[in-house]
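Dear colleague,

Here is the structure I said I would pass on. My notes on it follow below.

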Amino acid sequence: TGKILRILEAQGDYNKGVEYIDVCIKKIGKDSESWSDCVLQKAESLIMAYNKTSDNNYLKSAMDAYESLLAKMPNSTYVLNNMAYLLAENDKDLNKAMEYAKRACDARPDNPMYLDTYAFACYKNGKYAEAAQLSQAAIQQYEAQQIVTPVEVYEHLGQSQEKLGNKSQALAAYQQALEAGGE
């Protein structure tokens, strides 16, 4: 399924790609070990389609796909984190975004990506001090694990610091985002 899907996505034919995945999902059935992989591919394809088109039908379908994954795998930190970020990024059900992010973070507190998602969900819920603290913790985790910190993490820190009125700290975080982003 992967090769065909990548070709269809490269051509921008997301509908055909999603239809193809739906056929695969139907054929293998919900009890198959491959079911969750196929539904995850579907969700990711729908998000790509949404990012390209801004069509809210793609967004809703992606959220539905993640919800079906959570129904089957309620403790999957990967799915919890992705759903939390999708909800927060699109200002949808922000309380649920924070709940999902917290669950992923509690299960994997050493994962800087999950810390950043939790920080972002806190920010979107107006919990700016907690968001700034979590963003700082995410940056420390990235550094401790010798992983390049993504631009968005610095941006999230800057946004929180800005809301807290800490202009110099916000500016420093935005400057780090610019440096991390290169061009």
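Where is T149 found? T149 sits in the loop between α8 (128-144) and α9. Please keep in mind throughout that this is a predicted model.

Is T149 buried or exposed? The relative accessibility of T149 is 7%, and the limit for a buried residue is under 20%, so T149 counts as buried. Once neighbours within four places in sequence are set aside, T149 is in contact with I139, Y142, Y154 and A180.

Overall fold

The protein chain has ten helices and zero strands. Read from the N terminus, the order of elements is therefore simply α-α-α-α-α-α-α-α-α-α. The C-alpha trace spans about 55 × 35 × 30 Å along its principal axes. For 183 residues, a compact globule would have a radius of gyration near 16 Å; the chain has 18 Å, which agrees. Buried residues are 43% of the 183 in the chain. Of the contacts with a separation of 6 or more, 47% are between residues 24 or more positions apart.

Core

The largest nonpolar core has 54 residues. Which of them touch the most other members? They are Y66, L69, M83, L86, Y100 and Y118. Helix α3 (residues 35-53) supplies the largest share of this core, with nine residues.

Apart from neighbours within four places in sequence, L86 has contacts with I47, L59, A62, M63 and Y66.

Largest pocket

The largest pocket holds about 240 Å³ of space. Its lining consists of 14 residues, and N81, Y85, M113, D116 and T117 are the closest to its centre. Two or more lining residues come from each of α5 (77-89), α7 (112-124) and α9 (151-163). Which element gives the most to the lining? That is α5, with four residues. Sorted by class, the lining has eight nonpolar, four polar and two charged residues.

That is what I have for now.

Regards

Key. Residues numbered from 1 in each chain as written. Predicted model: local features only at pLDDT ≥ 70, side-chain atom pairs only at ≥ 80, totals over all residues. Heavy atoms only, no water. Core = buried A, V, L, I, M, F, W, Y, C linked by side-chain atoms within 4.5 Å. Buried < 20%, exposed > 50% of the residue type's maximum accessible area, 1.4 Å probe, protein only. Contact = heavy atoms within 4.5 Å. 1 Å grid on protein atoms, 1.4 Å probe; cavity = no way out; pocket = protein on both sides within 12 Å on 5 of 7 lines; lining within 4 Å. Points joined across faces, edges and corners; volume = space filled by probe spheres on them. Nonpolar A, V, L, I, M, F, W, Y, C, P; charged D, E, K, R; others polar. Rg over C-alpha atoms; globule rule 2.2 N^0.38 Å.
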